[in-house]
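This report walks through one protein model. Have the sequence and the 3D view open as you read.

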Amino acid sequence: LIEELQKEPASYRNREVVQLSKTDVVGVEAHLRAEEGQELRGQQEVRYAAEQWLWADGVPVSGSTPKRLRDAVVGLSVSEFVEDKPESLDSYGLDNPVAKVWLDTSTQQRVEVWIGEAGEPEKGLEGHETPRRYLKLADEEPVYLVDEKVLKVTQDLVREGNRKESKDREKAWQKSASREDAAPA
């Protein structure tokens, strides 16, 4: 009991960032800006309906990326509490976040998560380093360091959505080109 009382009060803080149940999430929206040296950027939106994830145009999403993103955001755990009341967000890259992710729930609740610049990696056993990102909820002040996984899955959703949009444009162009060829002179 004495050992428990000697711990720092911060060690008892709730490390769960997003206070939602996975089953309540019915929509995910992600906006990603290109980081220096990278081209991937864009925004994508998916909804959960009829027991499947759908792109904004109603086409079913093949694969598990929306579920993985939902799970990554809902499962966010603070690796390190950085600052409770930051004077400025620019030193964390949160004044212009690398990514923003919104989760919509069946009860009309919307949670907005901002993902900033890379922070100091967490050093694990045998010197293994885990990349981390600064993160905050849009409507709360504290800044945290979390595992970079949430950014990686956000990038996956944007990449897959961008690929789908590109294929959709190509199909539409081919369809219009075939109509022009078939039109009587």
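## Helix α2 and T65

T65 is found in helix α2. Helices (H or I, at least four residues) and strands (E, at least two) are DSSP runs, numbered from the N terminus. At 3% relative accessibility, T65 counts as buried. Buried means under 20% relative accessible area, exposed over 50%, and partly exposed in between (1.4 Å probe, protein chains only). Leaving out residues up to four places away in sequence, T65 touches V153, D156, L157 and E160. Contact here means heavy atoms within 4.5 Å.

The helix as a whole is mostly covered. Eight of the ten residues of α2 (residues 65-74) are buried. They are T65, P66, L69, R70, D71, A72, V73 and V74. An α-helix has 3.6 residues a turn, so residues three or four places apart point the same way. Helix α2 lies across β1, β2 (42-49), β3, β5 and β6, and runs at about 90° to β1. Axes are lines fitted to C-alpha atoms, for helices over the stretch in contact, and angles run from 0 to 180 degrees between N-to-C directions.

## Basis and confidence

This is a predicted model: local features need pLDDT of at least 70, side-chain atom pairs count only at pLDDT 80 or more, and totals for chains, interfaces and linings use all residues. Residues are numbered from 1 along each chain as its sequence is written, and side-chain values use heavy atoms, with hydrogens and water left out.

pLDDT is the predictor's confidence in each residue, from 0 to 100. The protein chain has a mean pLDDT of 91, and 91% of its residues reach 70 or more. Confidence is lowest in helix α1 (residues 2-6), at a mean of 67, and highest in β1, at 98. Where pLDDT is low, the predicted coordinates should not be read in detail.

## The sheet

Eight strands form an open sheet in the order β3-β2-β1-β5-β6-β7-β8-β4, with antiparallel pairing. β3 (52-55) and β4 (80-83) stand at the edges, each with a single partner strand, so one side of each is left without a neighbour in the sheet. From one strand to the next, the twist averages 30°. Two strands pair if DSSP finds at least two bridges between them.

Strand β1 (residues 25-32) is joined to antiparallel β5 by seven bridges. Here A30 has V101 as its bridge partner, and H31 has K100. Six bridges join β1 to β2, again antiparallel, and G27 is partnered by R47. β1 is mostly covered, with six of its eight residues buried.

## Two hairpins

Strand β5 (residues 99-105) is joined to β6 by six bridges, and the two run antiparallel. V101 is partnered in β6 by V113. β5 and β6 form a hairpin with four residues between them. In that turn, Q108 has a positive phi of about 65°.

Seven bridges join β6 to β7, which run antiparallel. The bridge partner of A118 is R133 in β7. This hairpin has five residues between its strands, and E126 in the turn has a positive phi of about 55°.

## The loop at G124

Where is G124 found? G124 sits in the loop between β6 (110-123) and β7 (129-137). At 40% relative accessibility, G124 counts as partly exposed. G124 and E160 are 36 residues apart along the chain, and their C-alpha atoms are separated by 32 Å. E160 is one of the residues that T65 touches.
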